[in-house]
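The structure comes next, and my notes follow.

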Amino acid sequence: MGIVATLQQKLFRWQSDGTAPLRLGQRRIFIIPTRGGLLFALALVVMLLGAINYTLALGHALVFLLAGLGIIGMVHTFRNLYGLIITPGRSEPVFTGEMAHFQLTLGNDRPSARLALELEAENGQTVIVAVNPQENAKISLPVSARKRGWLALPRVRLATRYPLGLFVAWSYLQPAMRCLVYPQPINSPLPAPSSTTTSGERSGDGGQEDFAGFRERQPADSPRHVAWKASARDAGERPLLVKQFAGGAQVEMQLDWALTDPAQALESRLSLLAGWVLAAEAAGCSYGLRLPGQEILPNAGDAHQRRCLEALALFQA
Amino acid sequence: MSTPACLALDHTAVPWLFAAAAVTIAPHFLHQPIWLSAFAGLMLFWGGWLWWQNQRLPGRWLLALLVVAGCAGIFLEFRTLFGREAGVAMLVMFMAMKLLEVKSQRDAMVVVTLGYFLLLTHFFNSQSIPTGLWLLAALWIVTSTLVRLHGGPASTLRATLRYAAVLSAQAIPFMLVLYVLFPRINGPLWGLPQDAHSGKTGLSETMSPGSISSLAQNGDIAFRVRFEGEIPAKGKLYWRGPVMENFDGTSWRPFPGRQAAEHLELIAPPISYETTLEAHNQRWLLALDAPVNLPPEIALNGELTAAARQPISTRQRFRLSASLDYRFNAAEDPAVLRRNLALPAGRNPLARQLANSWRASEPTPGAIIQKALALFANEFFYTLRPPLLGGNSVDEFLFQTKRGFCEHYAAAFVVLMRNAGIPARVVGGYQGGERNPVDGYLVVRQSDAHAWAEVWLEGRGWVRVDPTAAVSPARIETGILDALSEGEPLPALIQVRSEWLRTLRHRWEAVNNAWNQQILGYDPQRQRELLSRLGLPDTDWRSLATVLGIACSLLLAIVTAWTLYQKPRHDPATRLWHKALRQLARRQENCAPWETPLALAHRVQRERPELAAPFNRIVVAYLQARYGKNNNDLKTLRAAIAQFP
């Protein structure tokens with residue numbers, strides 16, 4: 001990094017992209033006394049008056065030692081945040097109405113532990129974490145997902161009262177993180193299938209009735225379908241095996257925007273489609289999604305489901 | 001944000017609160033009424049048991065009832081709920097009771113603050129070195145509690161204690177700076193409650209048979225004296241307390257009225273000394289006979305006793321002078337002389353007979369005095385355990401028991417003199433003292449308490465006569481230990497005859513004296529002296545506050561720098577590896593955060609083949625040094641880095 005860039009970073013707290021690890025510097029940390037700290041200060045004043053009134057030399061000493069302890073406590077509370085390294089992580093998509101979880105990694109490169117770090121992205125959702133010396137701690141910050149689409153991580157308040165609780169030090173973080181929020185699914189009967197094929201023509205696409213043998217697992221396969229026992233026989237030498245099913249009627253259907261009631265609001269129609277996607281996947285159907293302006297061809301499996309839900313989440317009328 | 005102050009208390013943090021309560025309450029058990037100690041102990045035990053059984057804490061009503069009962073008990077005991085003693089008792093009770101309703105973090109903070117407050121109240125009873133040490137330990141425990149409360153379960157026992165010790169140690173420089181520089185004010189700020197300084201031992205204002213001998217069984221230090229020159233001979237060290245002129249047949253009391261003017265004529269040059277009086281709740285200073293050149297706040301009364309305006313209720317230092325040879329009130333007020341000839345009617349007829357016979361046979365008062373002293377010297381016995389005396393105490397003592405302590409001799413002598421027509425009175429005080437060879441202070445104990453007589457002679461004024469010296473010259477010349485026979489009930493501390501134990505005692509007392517003089521005795525005057533020695537003469541509180549602010553800011557800056565800018569400590573191999581990476585970076589090859597040394601080596605091989613061989617050597621040496629068993633690998637690593645082009 002050049003001198004100018006370093007200066008800019010130091011003076012204006014410019015951040016390159018918001019995804020790089022952030023080290024908390026002194027400009028980002030604020031500190032004020034807590035209610036307990038004020039009580040402590042009040043007690044000290046009363047004690048000092050008592051010590052003066054009764055000419056207690058050791059009383060003076062005790063009050064001064066406690067005052068020193070308060071000041072030291074302030075420095076150490078500040079120190080508990082100072083130099084903490086925050087690295088943004090990932091977040092799994094959630095449905096509207098659920099809690100989105102944003103992963104952050106807190107890194108401590110000091111030889112002493114940092115205890116009682118309180119992180120809060122949303123009121124009332126505090127995560128308390130301790131980071132051991134020269135270790136990292138992964139946390140996931142809960143934020144309620146209220147709206148479909150991309151949910152940006154709101155401003156995070158990172159606070160601590162450790163060690164003495166007389167002061168609270170805090171900092172605001174805004175890592176550039178977002179989480180995809182699917183529409184809230186509505187349970188309703190699936191629309192009529194568009195076509196039905198026989199097992200002979202399409203095998204292995206998600207039918208679950210009759211066992212038809214094994215195949216190697218691909219990343220899109222659900223862990224539920226892994227044949228753990230069979231895979232364990234040649235422990236780890238070959239890729240995991242997935243049970244393949246065949247038989248039964250293979251149902252294919254089109255989940256079409258046009259099938260939903262046009263009188264309904266946009267969000268309700270998307271919710272209905274999301275409900276259908278979940279139901280179709282659970283039923284083992286092959287399904288496609290048709291939205292104004294885009295179409296996803298019929299298929300099945302976790303990856304396909306994610307793709308459909310993503311399309312619903314990001315749909316713009 | 002949520003308010004973590006309202007958070008429910010972590011169950012495993014509760015024992016810390018009990019520990020904090022126990023260490024802050026326990027020393028009070030020595031001074032509190034037994035029922036209160038038992039009550040507080042019971043509450044603590046109950047709370048501990050509830051915690052152990054994981055049961056619900058008692059309800060609000062039961063607690064309120066217990067508080068009312070406790071307050072009622074304290075009111076019955078102290079007749080008030082305020083004042084020092086009752087206030088401390090209330091604090092002890094509240095501390096014990098608070099643990100029965102600790103539910104949230106905020107309650108716990110209250111317990112801790114109360115704990116710190118209770119630490120202060122111990123100093124009402126004692127400010128000695130052991131108390132100080134105990135309270136330092138208690139402070140450590142209370143601070144650990146605070147650390148544990150806020151650190152949560154991740155704060156282990158060891159780490160908690162260690163961190164609290166570090167915090168307290170770092171607070172000590174602040175304490176020292178504040179102690180020296182904080183503008184000192186002479187207390188009290190407001191009227192002290194009646195019980196502020198109760199229970200102090202010392203010479204009392206009246207003297208009756210047994211009052212001094214009971215004091216003589218107390219080894220406590222009454223005062224310490226530092227002479228500017230040599231310490232005068234022991235036989236001259238008479239520390240003057242109350243002068244008692246009124247006799248009712250059993251007790252001697254000072255004359256209650258106002259005193260006449262005094263006239264003191266010095267014969268010997270004055271000698272200066274500094275005395276540090278322990279609190280005795282009386283006004284007299286126990287100055288060396290005869291006090292001269294007194295400071296303005298000290299008054300000399302018509303009986304040559306130096307007294308302060310207020311009773312001496314805390315340890316205090318005075319700078320005084322004395323003339324060991326003097327003439328006092330050679331022309332005395334006739335009313336005073338009449339007062340010093342009065343005797344209760346009908347008491348002690350045998351003493352009157354004896355005195356009358358002396359008066360008839362001896363021509364001068366001096367001869368009569370000699371006669372009395374000779375009587376004591378021949379047949380009497382000096383003891384701390386005299387037989388009990390009845391109504392005619394002087395007669396019984398003179399003609400039957402013939403055993404007594406200094407108050408018996410002084411009283412009998414004065415009664416004989418008054419019967420013989422010589423004005424005489426009893427003087428209470430201390431006699432002698434013991435030089436501590438460690439710090440050179442003369443230590444005067446309660447066991448040196450003494451009573452002697454003064455007679456008024458035409459042309460010479462008041463003359464000290466010590467009848468005890470006639471009975472037991474050793475008492476005056478060397479001290480009470482040699483004057484009494486074995487088996488007398490002297491305090492164990494005084495009785496020590498073994499040389500090294502005595503040395504040990506001297507050392508300990510010298511340390512205590514230094515503690516008292518330098519630390520406890522640091523008052524506004526000492527502060528001025530110290531500051532002018534440090535080059536800050538004539539400081540008022542404003543300049544002091546400025547200096548204090550600067551010093552504290554400096555300290556804060558140092559401590560902050562010390563705690564914040566600690567470099568992360570790496571092991572030597574990692575440090576060398578970072579050095580190698582810096583060298584590599586200079587050649588435009590940066591190690592990405594996710595790259596392992598071997599992955600980096602592969603990449604260097606691919607991208608910069610000319611660097612591959614030397615860098616590979618470094619990687620191999622680093623992996624050996626970091627993860628291998630042989631300690632010599634560091635040398636190889638260093639060599640490999642040195643060879644890097």
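Predicted model: local features only at pLDDT ≥ 70, side-chain atom pairs only at ≥ 80, totals over all residues.

Residues are numbered from 1 along each chain as its sequence is written, and chains are lettered from A and ligands numbered from 1 in the order in which they are written.

I then looked up the domain assignment of chain B, which is automatic or comes from a database, and it lists domain 1 (4–170), domain 2 (211–495), domain 3 (524–564) and domain 4 (572–643). Between the centres of domain 2 and domain 4 of chain B, taken over C-alpha atoms, I read 91 Å.

For the overall dimensions, I noted that the C-alpha trace of chain B spans about 135 × 65 × 50 Å along its principal axes. The radius of gyration of chain B is 37 Å, whereas a compact globule of 645 residues would have one near 26 Å; the radius is taken over C-alpha atoms, and the globule rule is 2.2 Å times the number of residues to the power 0.38.

Turning to the contact between chains, I found 53 residues of chain B in contact with 52 residues of chain A, two residues being in contact if their C-beta atoms, placed from the backbone, lie within 7 Å. On the side of chain B that touches chain A, the elements that give two or more residues are α5 (105–121), α6 (129–151), α7 (157–181), α18 (499–520) and α20 (541–564) of chain B. Of these, α7(B) gives the most, with ten residues.

I checked the backbone last, bearing in mind that most residues other than glycine have a negative phi, and most peptide bonds are trans. A cis peptide bond joins A:Tyr162 and A:Pro163, with omega about 5 degrees, and A:Pro163 sits in the loop between β10 (156–160) and β11 (167–173) of chain A. Another cis peptide bond joins B:Asp289 and B:Ala290, with omega about -15 degrees, and I placed B:Ala290 in the loop between β7 (287–288) and β8 (291–292) of chain B.

Key
Helix = DSSP H or I, 4+ residues; strand = E, 2+ residues; numbered from the N terminus.
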